[in-house]
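Student: I have a model open and would like to learn to read it feature by feature. Where do we begin?

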Amino acid sequence: MARILLLGSTGFVGRGVAHKILDGGHQLRVLVRDPMKAAAFKVRGAQVVVGDALNPQSVIQAAQGTDHIISLIAVRRNRPQSYLAVNVDGPRMLGEAAKVAGVRSVVFVSAIGSKLDPHFKYYTSRWMGEQELAKTGVAGTILRFSFILAEEGGILNDFERAIVGPFAIIPGSGQAKMQPILREDAARCIVEAIARPELLGHIIELGGPEVVTYESIFDWFLKARNIKKAKLKLPVPLLATAAIAMETLSTNPPITPDEVNMIQVDNLAAGIDSVSSQFGWRPSAPSSWAPVNWAKRPRTGR
C-alpha cells in the first residue's frame with residue numbers, strides 16, 4: 001500500500017486515475033481547488049486537501065507524509081491559463097516541492113509528440129516541462145500517452161463539435177496514425193508505475209494495441225451515435241486560417257491553429273506492444289470498445 005498525492009484528480013484522466021488508486025487499496029490524497037468536485041473520491045476514503053496545484057506551498061503541505069506524487073496537470077490551450085505557467089513552470093515547481101516534501105518519487109504524465117518544435121506550441125511546452133522537471137533532480141518517471149479515450153470528454157468533445165449542419169468535419173486528410181488507449185488502461189499504467197523503481201529517470205511512451213487513423217476513430221464515433229452525415233475534409237490551409245480567426249474572436253473556439261497542426265501528424269508509441277513490454281499486460285482494443293461505450297444511452301425516467 002502506497003500513500004499517493006494526486007494532482008489533477010478532477011480532470012479527464014484524473015478521474016480514472018483516482019479511482020484506480022483507490023481500487024488498488026492505496027491511500028489517496030487529492031489537492032483540489034473545488035472540494036465538491038472531489039466528493040466521489042472522499043466517499044471512497046480519499047483525503048481531500050483544498051489548494052492550488054500550481055502553488056508550491058500548497059503542494060509541499062499536501063505532500064507531507066506521502067510516498068509518491070502523480071501529476072496530471074497540463075493545459076492543451078494557451079488560455080485562460082498559459083502554456084508557460086502550467087506546462088513549463090508547473091513541472092519545475094512540482095519537482096522542487098516534491099524534494100522539499102521528501103517524497104520517494106514522482107510520476108509525471110506527458111504526451112507523445114512532445115518535442116522542441118516551433119510548429120507545435122503545445123508539444124513544445126510539454127517537452128520544456130519534462131526538461132524542467134528533470135533539472136530539479138527529483139526521482140521521476142515520465143509517461144507519455146497517445147490519444148486517451150473514455151466514455152466522455154477528451155477527443156469525444158472534439159468529435160461532437162465537428163458535427164456542423166449537414167456535415168461531419170474532418171480537419172485535413174484525417175490519415176494521421178494514432179495509437180489510442182482507453183482511460184482505464186492508461187490509469188492502470190500510471191498507478192503501476194509508482195511501484196516500478198526501474199522506470200525512474202526514463203521517458204516511457206505508451207499507446208493501445210491498434211494503430212488507426214484519425215478518420216477511423218471519428219468513424220467509430222459516427223457509427224456509435226448513428227450519425228449519418230457527409231464527411232467533409234477541410235484543407236489544412238483553409239482550416240488553419242479559420243482557426244486563427246476563431247481563436248481571435250472566441251475564448252473557447254472549436255479548434256485552434258495548434259490543434260490543426262497536431263492532428264496532421266502521427267501520434268504513435270514506441271511499439272504496438274508498448275504497454276505489455278513495460279507492464280506485462282495487454283490493453284483493451286478501442287475498436288471494439290468504442291461502438292458500445294460511445295453510443296448515447298437513453299435517459300430513464302423515474
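**Reading the model**

Tutor: Buried means under 20% relative accessible area, exposed over 50%, and partly exposed in between (1.4 Å probe, protein chains only). This is a predicted model: local features need pLDDT of at least 70, side-chain atom pairs count only at pLDDT 80 or more, and totals for chains, interfaces and linings use all residues. Residues are numbered from 1 along each chain as its sequence is written, and side-chain values use heavy atoms, with hydrogens and water left out.

Student: Where is Glu151 found?

Tutor: In the loop between β7 and α6 (155-161). Helices (H or I, at least four residues) and strands (E, at least two) are DSSP runs, numbered from the N terminus.

Student: Which residues does Glu151 touch, leaving out those up to four places away in sequence?

Tutor: Contact means heavy atoms within 4.5 Å. Glu151 touches Leu156, Arg183, Trp289, Asn293 and Trp294. Take Trp289: Glu151 and Trp289 are 138 residues apart in sequence, yet 9.7 Å apart in space, C-alpha to C-alpha.

Student: Trp289 brings us to a helix. How do I read its sides?

Tutor: An α-helix has 3.6 residues a turn, so residues three or four places apart point the same way. Now the case. In α12 (residues 286-293), the buried residues are Pro286, Trp289, Ala290 and Asn293. They lie on the same side of α12 because they cover an arc of only 100° around the axis. The arc is that of the directions from the helix axis to the C-beta atoms. Ser288 and Val292, on the other side of α12, are exposed.

Student: What do the buried residues of α12 pack against?

Tutor: Three elements: β7 (148-149), β11 (181-182) and α8 (214-224).

Student: Next, the sheets. How do I read strand order?

Tutor: Two strands pair if DSSP finds at least two bridges between them.

Student: How many bridges join β1 to β4?

Tutor: Four, and the two strands run parallel. In this pair, Leu5 has Ile69 of β4 as its bridge partner. Four bridges also join β4 to β5, again parallel. There Ser71 stands opposite Phe108 in β5.

Student: Are the faces of β4 covered or open?

Tutor: Both faces are covered. His68 and Ile70 are buried on one side, Ile69 and Ser71 on the other.

Student: What order do the strands have in the open sheet of three?

Tutor: The order is β8-β9-β14, with mixed pairing. β8 (163-164) and β14 (230-234) stand at the edges with a single partner strand each, so one side of each is left without a neighbour in the sheet. β9 (residues 167-171) and β14 pair in the parallel sense over five bridges. Phe167 has Ala230 of β14 as its bridge partner. α8 packs on this sheet, touching β8, β9 and β14, with its direction at about 155° to that of β9.

Student: And nonpolar cores?

Tutor: In soluble globular proteins, nonpolar side chains tend to be buried together. A nonpolar core is a set of buried Ala, Val, Leu, Ile, Met, Phe, Trp, Tyr and Cys residues joined through side-chain atoms within 4.5 Å. The largest one here has 35 residues; Leu6, Val17, Ile70, Phe145 and Ile190 touch the most other members. Its largest share, six residues, comes from α7. A second, separate core of 27 residues includes Ala168, Ile217, Leu239 and Ile263.

Conventions. Axes fitted to C-alpha atoms, helices over the stretch in contact; angles between N-to-C directions.
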